[in-house]
Amino acid sequence: MEFRHLGRSGLKVSEISYGNWLTHGSQVEEDAAKQCVQAALDEGITTFDTADVYAGTKAEEVLGRALKGVRRESLEIFTKVYWPTGPGQNDRGLSRKHITESINASLRRLQTDYVDLYQAHRFDHETPLEETLKTFDDLVRQGKVLYVGVSEWTADQIAQALKIADEMGFDRIVSNQPQYSMLWRVIESEIVPLSEKEGVGQIVWSPIAQGVLTGKYLPGQQPPEGSRATDAAGGSAMIARFMNDDVLTRVQELKPIAADLGLSMAQLAIAWVLQNPNVSSAIVGASRPEQVRDNVKAAGVKLDQDVLRRIDDALGPIVERDPAKTTSPRPRA
Ligand SMILES: NC(=O)c1ccc[n+]([C@@H]2O[C@H](COP(=O)([O-])OP(=O)(O)OC[C@H]3O[C@@H](n4cnc5c(N)ncnc54)[C@H](OP(=O)(O)O)[C@@H]3O)[C@@H](O)[C@H]2O)c1
């Protein structure tokens, strides 16, 4: 495994992190979840990403149990707050009340005294940014949170937060967690340049487009049994945006590129996001331990300009680049 700094902070993270959205407490039974976490640890992954909302709060519990007994100092545990965790008006968003209640519940479920990174899962248009940032800063002072980050915030929202933090002396945001893959490059024109200037690192999600960039979904054919595209518990709806013949046909054209490099398609996709120096880590998901073992081999792989050009030629117009695709619900979800 290779390691990178999380933005300009002193924290090092594994280039490949393990995330448990749609898997732990949902698509994947607890035994398989534990085997995936063990495979991640065996392969040198030290960074684990979850969220209060995953599997209706069950994902944090599964991860907490799977990591039990592992030396806490050898792990970086990341979680998030924003999406609803209950039926009430205050069971969501980035108010002082919800953040305070949610971190306490997350720490209980994860069986830890602190998380290494606490992330605002989306921007909350209904709460003053000062209130959110002051609350995060208080959590840092209380030792419950070591670093603060955001997810799917626009460049303007990140810039506003950094300005307030500098004026008020709060801890600065060190990371952003956006979707980023060969197919989804919407951060490149605005978020990455700002983040490079401000020392914010990207921890990117769905680097293999939820499995699509492995090439296992073939145009015009039923998805393989047991894959995310067949997961009625939620996965199939989430992956739907990529499940059309235009995308699946173009993705098949990446196969010879991966083969020429001796890489699996998943490794090529993960290596691709890691070529961007503003990316601190690529968070991969897995429904079985073999996938983790396949994916980690992307760490440290260098892709030359010719390979990057061949990828762009193969994918052509299906690549999404519009920065306006970074959005948060308005009003609050
Ligand atoms: N901040 C946010 O808003 C946000 C949103 C989404 C995700 N995330 C984070 O990012 C993490 C990763 O997201 P993701 O799960 O969509 O990422 P991904 O790595 O793009 O997709 C993972 C899925 O692809 C399939 N897969 C993985 N490796 C494979 C391989 N080698 N061969 C074949 N299939 C393979 C598996 O699904 P099947 O085996 O079921 O097909 C696996 O669950 C999440 O767990 C979460 O921590 C954050």
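Mentor: A polar contact is a pair of N or O atoms within 3.5 Å; within protein, one must be able to donate a hydrogen and the other to accept it, and residues adjacent in sequence count only if both atoms are side-chain atoms. Here, a backbone N or O atom of isoleucine 208 lies 3.1 Å from a ligand oxygen atom. For glycine 211, a backbone N or O atom is 3.4 Å from an oxygen atom of the ligand. Histidine 121 uses a polar side-chain atom, 3.4 Å from a ligand oxygen atom.

Trainee: How much of the ligand's 910 Å² does the protein bury?
Mentor: Accessible areas come from the Shrake-Rupley method with a 1.4 Å probe; for residues, only the protein chains shown count as cover. The protein buries 96% of the 910 Å² that the ligand exposes when taken alone.

Trainee: What should I know about the model itself?
Mentor: It is predicted: local features need pLDDT of at least 70, side-chain atom pairs count only at pLDDT 80 or more, and totals for chains, interfaces and linings use all residues. Residues are numbered from 1 along each chain as its sequence is written, and side-chain values use heavy atoms, leaving out hydrogens and water.

Trainee: How many residues surround the ligand?
Mentor: A residue is near a molecule if one of its heavy atoms lies within 4 Å of it. The ligand has 35 residues around it, and Asp49, Ser206, Lys216, Arg228 and Ser287 are the closest.

Trainee: Which element gives the most to that shell?
Mentor: Helices (H or I, at least four residues) are DSSP runs, numbered from the N terminus. Helix 11 gives the most, with 3 residues.

Technical notes: Helix = DSSP H or I, 4+ residues; strand = E, 2+ residues; numbered from the N terminus.
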